[in-house]
Amino acid sequence: MRKTTEDTPRGIRWNLLATLEDLDFADDLALLSHTHHHLQEKTNRLNTFASQVGLKISQTKTEVMTLNINNSTPILVDGKDLPITETFTYLGSTIRNDGGAGNDIMNRLNKARNILRSLNNVLKSSQYSKKTKLKLY
């Protein structure tokens, strides 16, 4: 990934001197850019460097999200359009193209509710002390 973004800053200005180029975690990658041209360049470079080490960009698992653009030109990988999405999940957070966080908040609340529900038997049991139950809670 470093080779993909090392020569010219093409990301989102983070502060006066720094640019956020991408978000990486394990095998997940989010490329960031202000312009379609820069994003296409990054995608092309990523595809080139990945193929040199035997990796491929998955056409079915890769999506493009655009913000504040009415006419979005598709991003191409090997001559094929990548699908455009309005929402995606990155590291457990739901990100939407309109910037809304309502879905993400509801998902997190539901996850917390389900975990608490799974602890109901322990919390209602007289086998555990109040101190242990409070630590679990």
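Predicted model: local features only at pLDDT ≥ 70, side-chain atom pairs only at ≥ 80, totals over all residues.

Colleague: What is the phi of aspartate 78?

Modeller: Positive, about 55°, although aspartate 78 is not a glycine.

Colleague: Is aspartate 78 buried or exposed?

Modeller: Exposed. Its relative accessible area is 61%, and the cut-off for exposed is over 50%.

Colleague: Which loop holds leucine 91?

Modeller: The one between strand 7 (87–90) and strand 8 (93–96). Leucine 91 also has a positive phi, near 55°, and is not a glycine either. Its relative accessible area is 47%, so it counts as partly exposed.

Colleague: OK, confidence. What is the mean pLDDT of the chain?

Modeller: It is 84, and 93% of the residues reach 70 or more.

Colleague: Which element has the lowest mean pLDDT?

Modeller: Helix 1, residues 2–5, with 57. Strand 5 has the highest, at 94. Where pLDDT is low, the coordinates should not be read in detail.

Colleague: Switching to pockets. How much space lies in the largest pocket?

Modeller: About 1600 Å³. The lining has 44 residues. Leu29, Ala30, Leu31, Thr62 and Glu63 lie nearest the centre.

Colleague: Which element gives the most to that lining?

Modeller: Helix 2, with five residues. Strand 3 (22–25), strand 4 (28–31), strand 7 and strand 8 each supply at least two, as does helix 2 (36–52).

Colleague: How do the lining residues divide into nonpolar, polar and charged?

Modeller: There are 24 nonpolar, 13 polar and seven charged.

Colleague: And which residues make up the largest nonpolar core?

Modeller: Seven of them: Leu39, Leu46, Ile57, Val64, Ile75, Val77 and Leu82.

Colleague: What is leucine 82 in contact with?

Modeller: Leaving aside neighbours within four places in sequence, leucine 82 contacts Gln59, Thr62, Val64, Ile75 and Val77. Val64, Ile75 and Val77 are also in that core.

Colleague: Last one, lysine 133. Where does it lie?

Modeller: In helix 5, residues 130–136.

Colleague: Why does lysine 133 count as buried?

Modeller: Because its relative accessibility is 18%, and buried means under 20%.

Colleague: What does lysine 133 touch?

Modeller: Val122, Leu123, Lys124, Ser125, Ser126 and Tyr128, not counting residues up to four places away in sequence.

Colleague: How far apart are lysine 133 and asparagine 107?

Modeller: They are 25 Å apart in space, C-alpha to C-alpha, and 26 residues apart in sequence.

Note on methods
Residues numbered from 1 in each chain as written. Heavy atoms only, no water. Buried < 20%, exposed > 50% of the residue type's maximum accessible area, 1.4 Å probe, protein only. Helix = DSSP H or I, 4+ residues; strand = E, 2+ residues; numbered from the N terminus. 1 Å grid on protein atoms, 1.4 Å probe; cavity = no way out; pocket = protein on both sides within 12 Å on 5 of 7 lines; lining within 4 Å. Points joined across faces, edges and corners; volume = space filled by probe spheres on them. Nonpolar A, V, L, I, M, F, W, Y, C, P; charged D, E, K, R; others polar. Core = buried A, V, L, I, M, F, W, Y, C linked by side-chain atoms within 4.5 Å. Contact = heavy atoms within 4.5 Å. pLDDT = per-residue confidence, 0-100.
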